[in-house]
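Here is a short briefing to read with the model open beside you. Take a look at the structure first, then work through the points by topic.

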Amino acid sequence: MKHTTDTPASVITTLTYLVKHDVKPYVHTEALTGNSEPHYFAEQEKREVTIHNGRPLADSFSLDKQGFELHRRDTVVDDLYDDTSVESVYYDEVKALIKELTGASRVVIFDHTRRSDAERRDVRGPASRVHNDYTDRSGPERIRDVLGQDQAAALVSVAQINLWRPMSGPVKRSPLAVLDASTLDSDDLLATDLVYPDRIGEIYHLAYNPQQRWYYFPDMRRDEVLLIKGYDSRHDGRARFTPHTAFKDPNTPPGAPPRESIEVRTLAFFD
């Protein structure tokens with residue numbers, strides 16, 4: 001994908017990881033505590049990492065190898081804060097786009113989330129710790145929750161894919177970093193309980209490993225989307241999990257506008 005911009009080949013910043021211990025980490029979510037931030041019962045650490053500009057290599061990335069892809073696709077929806085337009089128009093765009101780009105025979109949308117690093121109480125902030133949305137346990141649970149036990153049991157090939165889009169741009173603050181899944185050591189995935197008032201979910205956090213290779217796409221615009229694979233049921237060597245996080249770009253200019261983004265969570269089915 002060609003995108004002319006004066007951006008560096010890489011940036012050096014710090015990312016927040018969890019530290020491996022024998023005890024399973026857990027998090028009291030904002031929904032449980034009523035606070036603006038979750039409460040972590042885990043040891044965290046900040047590590048300095050290099051995050052590479054993925055734009056020169058964008059055409060070579062794939063969901064099945066690196067776990068993410070960047071594409072230029074606009075939307076006809078003017079106001080992505082309008083739930084009615086998002087659910088009645090944007091959802092159909094997302095389904096068609098994922099079918100086109102992945103060859104999926106069917107796509108089901110089960111959720112969408114907006115994020116902003118502005119001081120807004122009604123919108124979630126960017127995720128600030130390296131994580132993956134689903135695990136080997138919670139991925140199949142999500143499929144069963146969405147489809148029901150009988151349909152889920154009949155499936156063989158299904159992937160959970162997020163479609164991430166800036167709602168305004170170019171993104172200068174809190175850009176998204178994605179891990180090249182081909183550099184992921186599965187031993188560094190740390191299953192973490194998320195404690196809600198009525199249930200306990202599970203995600204992966206990540207332990208630091210110097211072999212990890214990170215990418216970002218600077219100055220993402222509203223007409224660009226990033227596909228991120230959160231889970232894949234297939235155990236055949238393809239990428240199954242793609243850790244990611246927001247980060248502080250040291251090149252962010254003073255007075256840059258807030259990052260505003262929307263992510264749509266989907267299940268993609270393959271014959």
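Predicted model: local features only at pLDDT ≥ 70, side-chain atom pairs only at ≥ 80, totals over all residues.

Residues are numbered from 1 along each chain as its sequence is written, and side-chain values use heavy atoms, with hydrogens and water left out. Helices (H or I, at least four residues) and strands (E, at least two) are DSSP runs, numbered from the N terminus.

**The sheet**
- An open sheet is built from five strands in the order S5-S13-S8-S15-S6, with antiparallel pairing; two strands pair if DSSP finds at least two bridges between them.
- At the edges sit strand S5 (68-72) and strand S6 (106-116), each pairing on one side only.
- From one strand to the next, the twist averages 20 degrees.
- S8 and S13 run antiparallel and are joined by six bridges, and Asn162 stands opposite Ile228 in S13.

**Helices on the sheet**
- Helix H2 (residues 83-102) lies across S5, S6, S8, S13 and strand S15 (260-269), at about 120 degrees to S6. Axes are lines fitted to C-alpha atoms, for helices over the stretch in contact, and angles run from 0 to 180 degrees between N-to-C directions.
- Helix H3 (residues 138-147) also packs on the sheet, touching S6, S8, S13 and S15, and its direction makes about 110 degrees with that of S6. Contact means heavy atoms within 4.5 Å.

**A closer look at H3**
- Ser138, Gly139, Ile143 and Leu147 are the buried residues of H3; buried means under 20% relative accessible area (1.4 Å probe, protein chains only).
- These buried residues line one face of H3, because they fall within an arc of 155 degrees seen down its axis; the arc is that of the directions from the helix axis to the C-beta atoms.
- They pack against S6, helix H4 (149-153), S8, strand S11 (200-206), S13 and S15.
- After H3 comes Gly148, with a positive phi near 95 degrees.

**Backbone spots to check**
- Most residues other than glycine have a negative phi, and most peptide bonds are trans.
- The Gly169 to Pro170 peptide bond is cis, with omega near 0 degrees, and Pro170 is in the loop between strand S8 (158-166) and strand S9 (176-179).
- Ser174, found in the loop between S8 and S9, has a positive phi of about 50 degrees and counts as buried at 18% relative accessibility.
- Asp219, in the loop between strand S12 (214-216) and strand S13 (224-232), has a positive phi near 60 degrees and counts as buried at 13% relative accessibility.

Key: Buried < 20%, exposed > 50% of the residue type's maximum accessible area, 1.4 Å probe, protein only.
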